[in-house]
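Q: Could you take me through this structure slowly, showing me how each feature is read before we look at the case itself?

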Amino acid sequence: MRNHHTHSSSSFSFILFLFLFFISFSFSTSKLEPAKPKRKHSVSAILVFGDSTVDPGNNNYIDTIFKCNFPPYGLDFKNKIPTGRFCNGRLVTDFIASYIGVKENVPPYLDPNLGVNELISGVSFASAGSGYDPLTPTITNVIDIPTQLEYFREYKRKLENIMGKQKMEKHIEEALFCVSAGTNDFVINYFTIPIRRKTFTIEAYQQFVISIMQFIQGLWKEGARKITVAGIPPIGCLPIVITLFSGEALTNRRCIDRFATVATNYNFLLQKQLGLMQMSLAHLGSKIFYLDVYNPVYEVIHDPRKFGFEEVFSGCCGSGYLEASFLCNPKSYVCSNTSAYVFFDSIHPSEKTYFNLFRSLRPIYDSILGCF
């Protein structure tokens, strides 16, 4: 398992470098509660992998600058605790966990204080700043996807010690697996850093990212039978992307069309690839579900008042144009009504946006519950 080390330089240019490349995305007030479904069977646990869209605080326990375990993050979380979620409150996986009845909030696997019941009912292995491309997490010095899979194997060994091998295997078979990554591969890795752009066209890079998704097969080999894989959101609408890549960032803030094309084309390829995986594994009892993240978020952004939002293209924290992670801190200005903002910081949407996303995905989870 790999070790994580902090970079030693403290110069301004290096901090600026880290900031400009810190474009990881997460989807999502404390009063928002998903109704419980009517179902005959239960899910044993929720197990989560990916990036900041689903990281509840694993980065708190590694040596990386990509942390948010300080206010104003967690402003609308229970007891106003800044857990390490890049949000003012809960993530979409928290709402899913509550809906399927396994727990109210998904904890980070690396939390050393996790109790047995918390461990059994599910954890997140995700790390903000990670991605499918192995180069992506090296840029941000976070937990790569293969290491997340290795942590899952370690998790299984812990469960085997608790409940025995046979019960552990059944427990994993009945668990819900959630995977959410890919945004950082494009926004940080391809568009911000020139390395991949020197060797790949955008079309070739999309195929490259799809081709290295053996991770899904890895989950299946470890016993996963109900797997959901999220596409990427409308990355051209992120406030920080507009700020960095638009020629009219101050005078005409709007989504950037070329990024929209990249996201929709990638999502199409991903959906096709997952369909092929499903066909090859269906006879073995596996179900792989594609989660459409793009369209629900796009709809909120382009018709915000329909969903009760007022501000779309800037975040609630600071100016909303650049602030994220350490730049969104206890000294930052914070908007008076987080529910009016689609985004909490310049990258990550608010809890209310997460809840809207959860509601749009709920039919898929109803379908999954019916499969057990």
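**Reading the core and the helix packing**

Q: Which residues is Tyr 155 in contact with, leaving aside its neighbours within four places in sequence?
A: Contact means heavy atoms within 4.5 Å, and on that basis Tyr 155 touches Leu 47, Tyr 109, Leu 119, Ile 120, Gly 122, Val 123, Phe 125, His 171 and Ile 172, once neighbours within four places in sequence are set aside. Please keep in mind that this is a predicted model, in which local features need pLDDT of at least 70 and side-chain atom pairs count only at pLDDT 80 or more, while totals for chains, interfaces and linings use all residues. Residues are numbered from 1 along each chain as its sequence is written, and side-chain values use heavy atoms, with hydrogens and water left out.

Q: How many residues does the largest nonpolar core have?
A: In soluble globular proteins, nonpolar side chains tend to be buried together. A nonpolar core is a set of buried Ala, Val, Leu, Ile, Met, Phe, Trp, Tyr and Cys residues joined through side-chain atoms within 4.5 Å, where buried means under 20% relative accessible area, exposed over 50% and partly exposed in between, with a 1.4 Å probe and protein chains only. Here the largest such core has 114 residues, and Tyr 155 is among those with the most contacts inside it, together with Leu 47, Phe 152, Phe 177, Phe 186 and Leu 219. Helix 12 (residues 257-281) gives the most to this core, namely nine residues; helices are DSSP runs of H or I, at least four residues long, numbered from the N terminus.

Q: At what angle do helix 5 and helix 6 pack?
A: Two packed helices are described by the angle between their axes and the distance between the axes. Axes are lines fitted to C-alpha atoms over the stretch in contact, and angles run from 0 to 180 degrees between N-to-C directions. Helix 5 (residues 145-163) and helix 6 (residues 165-173) pack at about 130°, with their axes 7 Å apart. Helix 5 is therefore oblique to helix 6, since angles under 35 degrees count as roughly parallel, over 145 as roughly antiparallel, 65 to 115 as roughly perpendicular and the rest as oblique. On the helix 5 side, the residues that meet helix 6 include Phe 152 and Tyr 155.

Q: Is Arg 362 buried, partly exposed or exposed?
A: Arg 362, which is found in helix 14 (residues 351-371), counts as partly exposed because its relative accessibility is 28%. Arg 362 and Phe 95 are 267 residues apart in sequence, yet 10.0 Å apart in space, C-alpha to C-alpha.

Conventions
Helix = DSSP H or I, 4+ residues; strand = E, 2+ residues; numbered from the N terminus.
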